[in-house]
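Hello! Here is the structure I promised to hand over. Have a look at it first, and then read on for what turned up in it.

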Amino acid sequence: MIKVNYDINTNKVIGFDKNIEPFIEITEEERRQPIKKKYGYYAVEDNHLVVKYRVPTPQEVLAD
């Protein structure tokens, strides 16, 4: 099992296998979920690891 550490306020994942709270435990298979889009990120929802996507800022769109 792998620890998934996340920010309690945003639910964004901040690290894996660190000795900090809060965390959930997942399998290696769950950890290998691909992030298919450029602005994707891992988050924890209902004690599950999920991939979420955000809208890029206008500055990021111009830089792309």
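Tyr 41 has Lys 52 in β5 as its bridge partner. A word on the basis before going further: this is a predicted model, in which local features need pLDDT of at least 70 and side-chain atom pairs count only at pLDDT 80 or more, while totals for chains, interfaces and linings use all residues. Residues are numbered from 1 along each chain as its sequence is written, and side-chain values use heavy atoms, with hydrogens and water left out.

Strand β4 covers residues 40–45 and strand β5 residues 48–53; they run antiparallel and are joined by 6 bridges. Strands here are DSSP runs of E with at least two residues, helices are runs of H or I with at least four, and both are numbered from the N terminus. Two strands pair if DSSP finds at least two bridges between them. The hairpin has 2 residues between its strands, and Asp 46 takes a positive phi near 50°.

Lys 52 comes up again through its side chain, which forms a salt bridge with Glu 45, with the closest N and O atoms 2.6 Å apart. (A salt bridge is a side-chain nitrogen of Lys or Arg within 4 Å of a carboxyl oxygen of Asp or Glu.) Lys 52 is partly exposed at 30% relative accessibility, and Glu 45 is also partly exposed, at 33%. For these labels, buried means under 20% relative accessible area, exposed means over 50%, and partly exposed lies in between, with a 1.4 Å probe and protein chains only.

**The three-stranded sheet**

There is also an open sheet of 3 strands in the order β2-β1-β3, with antiparallel pairing. β2 (13–16) and β3 (23–26) are at the edges with a single partner strand each, so one side of each has no neighbour in the sheet. On average, neighbouring strands of this sheet are turned by 30° against each other, direction ignored; the axes behind such angles are lines fitted to C-alpha atoms, for helices over the stretch in contact, and angles run from 0 to 180 degrees between N-to-C directions.

Strand β1 (residues 2–6) runs antiparallel to β2 and is joined to it by 3 bridges. Among the bridge partners, Tyr 6 goes with Val 13 and Asn 5 with Gly 15. The β1–β2 hairpin has 6 residues between the strands, and Asn 11 in the turn has a positive phi of about 65°.

Which residue of β1 is worth a stop here? I would pick Asn 5, which sits in that strand. Asn 5 is buried, with a relative accessible area of 0%. Leaving aside neighbours within four places in sequence, its contacts (heavy atoms within 4.5 Å) include Val 13, Gly 15, Ile 20, Pro 22 and Phe 23.

**Rings**

How many aromatic pairs does the count come to? The count is 1, where rings of Phe, Tyr and Trp (its six-membered ring) pair if their centres lie within 6.5 Å, and planes under 30 degrees apart count as stacked, over 60 as edge-to-face and the rest as tilted. Phe 16 and Tyr 42 form this edge-to-face pair, at 6.0 Å centre to centre and 90° between the planes. Phe 16 belongs to strand β2 and Tyr 42 to strand β4, so the pair ties together parts that are 26 residues apart in sequence. Phe 16 is partly exposed at 25% relative accessible area, whereas Tyr 42 is buried at 15%.

Two lysines lie over ring faces: Lys 3 over Phe 23, at 4.7 Å from the ring centre, and Lys 37 over Tyr 53, at 5.2 Å. The rule asks for NZ of Lys or CZ of Arg within 6 Å of the ring centre and within 35 degrees of the ring normal.

**The other salt bridges**

The count of salt bridges comes to 4. One of them joins the side chains of Lys 38 and Asp 64 (2.5 Å, N to O). It links distant parts of the chain, 26 residues apart: Lys 38 is in the loop between α1 (28–31) and β4, and Asp 64 is in the segment after α2 (58–63). Lys 38 counts as exposed at 61%, and Asp 64 is exposed at 55%.

Arg 54 and Glu 60 form another, with their closest N and O atoms 2.9 Å apart. Arg 54 is partly exposed at 34%, as is Glu 60 at 23%.

Happy browsing!
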